Amino acid sequence: MAPRRPSEQKTSKTSVPPAVAVPQTGSNIRSMFDRIATDYDRFNAWASLGLDKHWRKILIGRVPESARVLDIATGTGDVAFLAVQAGHAVVGLDFSERMLAQAKVKDKENRIRWMNGSADRLPFSDRSFDCITSAFALRNIRGCLEAAFRENFRVLRKNGKVLHMDFGRPKSALSRWGHRVHLSYGIPLIGQWLCKDRWPKGYLENTIEEFYEPAQVVSMLKQAGFESVSHTPLSLGVVQLFEGTKTC
């Protein structure tokens, strides 16, 4: 329900009220995640009504067997840990040192390689991985999303797979109403309860409302070179799971 983020973000499609503290640059977004790192896991659980684990398990279920996995914007490592438990070799990458510090504390058996880095400038050689994953990261790297997808393509091996999951906007009127109520009232209350004055007011809500439509993300993945690109709505479209394959 949250993480990741490098270079400059593009101007959003709609204006943001001046009272809302929305980070605009990679360094500001990194600082934001640094500030909430200790409360990040609890926020995800409460804000998703406990569904975040279910969504991540669906993502991991689509990773190819015995893959070498790169989890970008790994945050505190929830996807990375599930991947290791499923038998994959995993590298978790994030540009927030404090988020990585939380992940390392949880990795008591040192089963994952943790690295600091940005999604649009991956510190790996060509064709290094079988699968690239992320959960709730795309909105945070919107300003460099096309570059990040090109980097995904570069470091994947032939027949490698990309799996990116992020929040969407439900299509049905009733679902949209409930979603908007949760974004407008539930998310801010939970965030301020857990994070106090460290909560970035308006950031999550605005990045969800202003993010690309699924068809636009699919188009960007295709432009980066991926084939068999698709998106799967989860929980009535509250979450979208994007996937594609590098066939060359």
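Which strand does Met165 lie in? A few notes on that and the rest of the model follow.

1. Met165 lies in strand E5, residues 156-167 (helices, H or I with at least four residues, and strands, E with at least two, are DSSP runs numbered from the N terminus). Met165 is buried, with a relative accessible area of 0% (buried is under 20% relative accessible area, exposed over 50%, partly exposed in between, with a 1.4 Å probe and protein chains only). The C-alpha atoms of Met165 and Ala135 are 4.8 Å apart, though the two residues are 30 residues apart along the chain.

2. Some housekeeping: this is a predicted model, where local features need pLDDT of at least 70, side-chain atom pairs count only at pLDDT 80 or more, and totals for chains, interfaces and linings use all residues. Residues are numbered from 1 along each chain as its sequence is written, and side-chain values use heavy atoms, with hydrogens and water left out.

3. Strand E2 (residues 89-94) is mostly covered, with five of its six residues buried. E2 pairs in the parallel sense with strand E1 (residues 68-72) over five bridges (two strands pair if DSSP finds at least two bridges between them). Gly92 in E2 is the bridge partner of Asp71. From E1 the chain crosses through helix H4 (residues 78-85) to E2, and this β-α-β crossover is right-handed (with the strands pointing away from the viewer, the path from the first strand over the helix to the second runs clockwise).

4. On to strand E3 (residues 113-116): E2 and E3 run parallel and are joined by four bridges. Val91 has Arg113 in E3 as its bridge partner. E2, helix H5 (residues 97-106) and E3 make a right-handed β-α-β unit.

5. Now the largest pocket, which holds about 310 Å³ of space (a pocket is an open set of points on a 1 Å grid over the protein atoms alone, where a 1.4 Å probe fits, with protein on both sides within 12 Å along at least five of seven lines; lining residues have an atom within 4 Å of a point). Of its 19 lining residues, Leu49, Trp55, His179, His182 and Val238 are the closest to the centre. Helix H7 (173-195) and helix H8 (203-210) are the elements that give two or more residues to this lining, and H7 has the largest share, six residues.

6. Asp52 is found in helix H3 (residues 52-60). Asp52 counts as buried because its relative accessibility is 4%. The side chains of Asp52 and Arg56 are joined by a polar contact of 3.0 Å (a pair of N or O atoms within 3.5 Å; within protein, one must be able to donate a hydrogen and the other to accept it, and residues adjacent in sequence count only if both atoms are side-chain atoms).

Terms used: Grid points are joined across faces, edges and corners, and a volume is the space filled by probe spheres set on the points.
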